[in-house]
Every structure is written in structure tokens, then in C-alpha cells.
Amino acid sequence: MEISLSKTGVLNREALSGEHYYASLVEQGRACGLISNAQVEATQSDCMNMLAKMVAVYNRGASCSVRADVAQELLKSLLYTAGVSLKMFDDPNDALAAIMTEPFEKLYNNGIELINRMLCTTKLLHARLSRELFDTPNEFYRSTVIDGIIGFFKLYRPEFSAHEIHITADYPTYHTMKDIAGIEFIKRYLNYLYYENTFLKRFSPEYVHRLLYAYDKNYTELLFNIFEPVLLCALGCALLDRNVRALSLNPGDVARLEALFGGAEENIAESLLCAVDKLGSQLALTGALLQYIRSGIGKLVMEIKCALTSGTLDRVFLIGRQHDQPQQVNYSFGGKMDDEHFRSVISELLLCRNSDSVLNVVKENVRSLADFEDILIDAELSSEAVVALLGELTPAELAVFCKKFPSLSGDDLKALRENEARFLLRFNDYLNSLPPDRRDWIARTAEALRITE
Amino acid sequence: MSFELIPFLGGQLAERQTITEIIESNDVSSRFGLTLTENQAAALIQTRAESLAENGRIEFGGGIIKRLIYEFCDSPFINAGNYEQTLHELIELFYSYKSQTRDMIGDDELIAYMKKSFDGACQGSVELLADRELDRLTRCLIGDRTFDPDEQPLEDMEEE
């Protein structure tokens with residue numbers, strides 16, 4: 001095979017696809033006249049022979065045909081794997097030369113070896129990240145970093161679907177993930193998460209919570225990057241020579257930052273880079289982590305510039321909601337009576353002819369909210385009796401029930417047991433019958449409660 | 001970038017090679033008075049290509065035509081007059097049921113089942129093979145019945 005490449009080739013690395021590296025190398029090589037059509041056909045033929053072998057393995061030798069969509073995915077996997085081995089060449093011209101001189105099978109086998117090595121190191125990184133995960137109530141952070149990635153490791157099969165990531169990797173990182181696939185995607189994603197997690201670990205979870213609560217009081221259920229607001233606040237603190245670890249800015253601080261930036265892009269960038277250096281020394285950040293932060297400064301500059309224009313800098317440099325946040329109160333439903341006693345109380349309740357006698361039985365026997373709840377749900381009481389029992393509860397106790405049985409509708413309601421759904425409807429009717437100010441108080445109190453078993 | 005499957009696999013070189021393989025199988029089938037010309041072989045390859053496309057499949061290597069010839073050439077229900085036509089129909093049936101059974105049965109197993117049914121319960125009827133025996137096989141494989149390749153076709157069992 002003729003090699004028409006010199007070391008001073010004209011392949012443009014920037015124009016090559018990270019996700020489809022092999023195909024983009026060939027495509028660009030052909031466009032630059034570095035690889036002839038005949039050579040392209042020869043590499044294709046080589047690749048198809050390898051695909052035939054892979055299909056035989058996939059079918060365990062039992063079939064020589066396969067669904068077209070399966071074959072297409074296997075081909076993607078093959079090209080991706082060969083691409084991984086070609087990325088090892090610093091110069092893409094050398095990579096193109098390898099396509100023309102090396103058998104496709106060799107490139108593929110090298111790629112599989114590299115992928116398996118990457119898989120090992122990525123698993124180690126994931127294990128370390130899982131052990132050291134920053135404590136945040138944001139649901140998506142933990143579910144993606146722990147459960148999502150575990151899902152990937154379970155599903156990933158480099159031999160047939162090396163290019164797949166299988167999971168949605170919903171949680172967004174500070175740097176956007178693009179033009180990358182397979183294990184390379186997961187490795188880079190975990191690297192990013194590791195940097196961000198390392199940074200977050202420099203702060204108290206409580207301070208971060210206050211800050212993110214200011215971002216949105218429902219931040220625990222929101223899908224957003226939690227690293228960025230913390231980084232911005234820390235940068236703001238560093239710029240004003242405040243205690244960085246406290247993550248505490250006030251409206252006056254934000255006004256000072258506004259004056260400091262002045263609006264010119266270079267000013268903002270310069271100030272932020274200076275603040276990054278301060279963060280580095282105050283928080284003892286590693287060089288790699290500092291580089292990770294610095295390489296995203298351009299994005300932060302644009303955000304700040306937009307906020308300065310729209311007068312919303314306080315949405316970029318958040319002011320912690322320490323005082324607005326209601327104090328969290330733990331509440332337990334208490335222990336339950338033994339089953340035999342419970343059955344006898346239920347039997348007694350079934351004999352009751354009116355709400356008063358129901359109340360008497362309950363008052364005599366029930367000593368905890370847990371038993372009270374079971375009776376309300378399972379004792380087949382009349383609506384009047386349920387209203388009478390709920391009337392015995394203090395507003396604080398009603399708030400506890402409100403917390404445990406939030407208002408549901410549609411499919412959520414259908415998912416409940418019949419008795420639970422019936423009770424929930426009655427409970428909501430009861431709450432709606434209360435004066436509005438009391439209802440509001442109960443709702444506010446419920447928000448601050450945490451039910452413990 | 002032209003790393004597409006269909007145009008590449010249907011190349012002239014591959015077709016020529018398959019024709020040669022089919023013609024070579026005349027050595028075996030001629031013992032039963034059955035032979036194919038190059039044109040007939042090319043027509044079978046065309047049927048194979050159409051069936052693969054129709055069923056959304058890709059095939060590598062020589063494919064199943066040669067294997068169908070070897071399996072069916074000793075059938076008492078195939079003669080020189082219906083040989084080529086029967087092969088066309090068997091090729092179509094093979095890929096159709098390969099897809100319908102969701103690849104749960106290997107090529108050799110499926111061909112062996114087709115042959116056994118064709119010579120047995122179907123008495124050489126491709127229609128019966130398609131409508132009854134292969135349909136039964138599909139239901140066994142994707143339904144709750146367990147398929148046993150050695151199980152007698154339905155009609156055999158009824159006769160007993």
C-alpha cells in the first residue's frame with residue numbers, strides 16, 4: 001500500500017471529531033488528498049471483514065446474518081474502538097498513516113486493550129468519588145454520580161457497544177460534555193465530577209445548603225450544576241477579601257462587586273483569574289483543579305457580563321438564605337402498639353355506633369401518632385369519625401400528617417392503597433375546611449419538618 | 001464518510017464469490033438431478049438481497065443459499081422443474097422467519113426444522129411450511145411454549 005504522507009501533513013486536529021475519530025480522520029485525509037479512494041476502499045474492506053468476525057461472535061456462531069440496526073451499532077463500536085487506539089498518536093498524520101499501514105484488526109485490538117485499561121481506572125475513580133461524595137440533599141447529584149455510573153458499568157460491553165454510554169448522565173458539569181462517547185465520555189465525566197466534588201468538599205455542607213437554597217428553595221429537586229454557584233460565591237468572597245469558606249455575601253458585597261467589575265470583559269476576566277489564585281492558596285487547591293476552574297472562566301465572564309447588563313448580579317453571586325430558611329424540626333410518629341392489641345382496638349372500633357364512642361376508644365388506647373395514623377387509615381371509620389379524630393389534633397400534629405401525606409393527585413394517588421387514598425382525600429377535605437390562616441401555618445410548619453421513623 | 005453497510009456488502013466481488021459457491025454446490029445436488037446455471041444463481045442472490053432488505057437484515061460470508069441447497073437437494077418433493085422456484089421461496093421464508101423468531105434460533109437449526117417439516121408434515125408444500133409449521137415454531141419461540149427441534153411436526157403427531 002502506497003503511503004503518501006509526510007510528517008508535515010495538513011490534517012487539522014481541531015476539525016477531527018472526538019466521537020467519530022476514525023471516520024473523521026479518513027474523511028479529512030481524503031479531502032486533503034492524503035489518502036486515495038482505493039486506500040479508503042481497502043480500509044473499508046478490512047473493517048468489514050472485522051465486522052463479519054464480530055457478527056459471528058455476537059451470534060455465537062449460530063447465524064451469519066444479523067438485523068441491520070445491530071450490524072450498524074457493531075460497526076460503530078468497531079470504528080470507535082479503532083479510533084481510541086488512533087488517538088494515542090500525538091500527530092493525526094501519524095494516525096492516518098497507521099490506518100493505511102496497519103491491519104484494522106490490530107488497531108481494533110489495541111483499542112480494546114486501551115478501553116479495558118480505561119474501564120479499570122474509571123472504576124477506581126468512581127469508587128473513590130463515591131466514598132468522598134459531597135453531602136448535599138440535591139437528588140440528582142447523588143443519583144447520577146453513584147447510581148447512574150454504576151448502571152453504566154453494569155451495561156457497558158466494550159466488545160459489542162464500546163461507543164455507548166447507556167445512561168443519560170443528567171447531572172450537568174461545569175464544563176459541557178460534548179463530542180465524546182463510550183468509556184471516554186464516562187472517564188471525562190467522572191474526572192470533571194471529581195474536580196467539582198473535591199472543590200465542594202472544601203466547604204461546609206451547611207453553608208453550601210444555605211447558598212443553594214438561595215438559588216432556589218426547591219434546589220434539592222432541581223437538575224443543575226451545584227459547583228458553579230459555590231465557585232462564583234467563593235470567587236466573590238475572594239475578590240472582596242472575605243472569608244472564602246463562609247460563602248457569605250450580602251447585598252452590599254454584590255454592589256461592591258458590581259463596581260469592581262466595571263463592565264469591561266477584560267476587567268471581569270482579570271479579576272476572576274486573580275480571585276482563582278487567591279482561592280488556590282486559601283483552599284489549598286491542586287494545580288489540576290485550578291486549571292479546571294480557569295478553563296471555564298470565559299463562561300463565567302459572559303454570565304457576569306449579562307447579569308451586569310440586566311442588573312441581576314445577585315442571581316450570579318448568590319446571597320445565602322440563612323435567616324429566611326425555617327429551622328428544620330425532626331418529628332417522630334413514635335412506636336406502635338403490638339399487633340394483638342391493635343386488632344382488639346380495631347374490633348372495638350367496629351362496634352362503635354357514633355363518633356363520640358370512637359373518640360373514647362382511641363383516647364383510651366392510642367399513645368402515639370403512628371397508631372393514630374394506622375387507625376385513621378385501616379379502621380374503616382365513617383367520615384364523621386375521621387373528622388372528629390382529626391379535630392383532636394393540634395395544628396403542629398396536623399402539620400406532621402401534612403408532611404407525611406402531601407396532597408397527591410392522578411397517578412400518584414392511584415399508586416396508594418385504597419384505604420390510604422380514601423384517608424388522604426378526607427384529610428385534604430378536612431384541611432380545606434380550616435380557616436386560611438391556620439391552613440397556611442400548617443403548610444409552613446410542614447415544610448420545616450423532617451419525619452423520622 | 002462512507003462507512004455504510006449496505007452498499008459495501010453488496011459489492012460485485014462478494015456477488016461473484018457467492019455465484020461460484022452456488023455453482024460448486026451443483027457437484028452435490030447433481031446427484032439428485034438438480035443443477036443451477038449462473039443466471040439462476042444470480043437470481044437467487046437477488047432474492048436473497050431483497051429478502052435481507054425486506055427483513056432489515058445484513059448477512060456476512062456466503063450466506064445461507066448453499067446451506068439450503070445442501071439440505072434440500074435430497075428432498076423427494078424437489079425436482080428439476082421446481083428446484084429453482086422452491087429455493088427462491090425457501091430463501092424468502094428463511095429470512096422472514098429468522099426475523100419473526102427474533103434471532104432466537106440458529107441458521108442450521110432453522111434450516112433443519114424447515115427441511116423436516118417440508119418433507120414430513122407439509123409434504124413438499126411451501127405454503128403449509130410457511131403458514132403452519134414455521135408459524136408454530138415462531139409461536140413456540142416467542143410465546144410461552146418451549147421449542148424442541150426434535151419435536152415432531154404437528155401433523156405427524158396427529159397421525160399417531
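Trainee: How many aromatic pairs does a search of the whole structure find over all chains?

Mentor: Residues are numbered from 1 along each chain as its sequence is written, with chains lettered from A and ligands numbered from 1 in the order in which they are written. Rings of Phe, Tyr and Trp (its six-membered ring) pair if their centres lie within 6.5 Å, and the planes count as stacked under 30 degrees apart, edge-to-face over 60 and tilted for the rest. Over all chains, the number of aromatic pairs found is 22.

Trainee: What is the mean pLDDT of chain A, and over which of its residues is the pLDDT below 50?

Mentor: In chain A, 95% of the residues reach 70 or more, and the mean is 89. Where pLDDT is low, the predicted coordinates should not be read in detail. A stretch with pLDDT below 50 has 16 contacts (heavy atoms within 4.5 Å) beyond near neighbours in sequence, and that stretch of chain A is residues 1–8.

Trainee: Which residues does Leu313(A) contact, leaving aside its neighbours within four places in sequence?

Mentor: Leu313(A) is among the residues with the most contacts inside the largest nonpolar core, which has 82 residues. Such a core is a set of buried Ala, Val, Leu, Ile, Met, Phe, Trp, Tyr and Cys residues joined through side-chain atoms within 4.5 Å, where buried means under 20% relative accessible area, exposed over 50% and partly exposed in between (1.4 Å probe, protein chains only). With those sequence neighbours set aside, the contacts of Leu313(A) are Val254(A), Leu257(A), Glu258(A), Phe261(A), Ile304(A), Ala307(A) and Leu308(A).

Trainee: How far apart are the end C-alpha atoms of helix H10 (residues 227–239) of chain A?

Mentor: Helices (H or I, at least four residues) and strands (E, at least two) are DSSP runs, numbered from the N terminus, and 13 of the 13 residues of H10(A) are buried. The expected span of a helix is 1.5 Å times one less than its number of residues. For the 13 residues of this helix the expectation is therefore 18 Å, and the model agrees, its end C-alpha atoms being apart by 18 Å.

Trainee: Why does Asp241(A) count as exposed?

Mentor: Asp241(A) is placed in the loop between H10 and helix H11 (251–261) of chain A, and it takes a positive phi of about 55° although it is not a glycine. Most residues other than glycine have a negative phi. Asp241(A) counts as exposed because its relative accessible area is 61%.

Trainee: Which backbone nitrogen does the side chain of Ser17(A) reach at 2.8 Å?

Mentor: Ser17(A) lies in the segment before helix H1 (21–31) of chain A, and at 15% relative accessibility it counts as buried. A polar contact is a pair of N or O atoms within 3.5 Å; within protein, one must be able to donate a hydrogen and the other to accept it, and residues adjacent in sequence count only if both atoms are side-chain atoms. A polar atom of the Ser17(A) side chain lies 3.2 Å from the backbone nitrogen of Glu19(A). At 2.8 Å, the side chain reaches the backbone nitrogen of His20(A).

Technical notes
This is a predicted model: local features need pLDDT of at least 70, side-chain atom pairs count only at pLDDT 80 or more; totals for chains, interfaces and linings use all residues. Side-chain values use heavy atoms; hydrogens and water are left out. pLDDT is the predictor's confidence in each residue, from 0 to 100.
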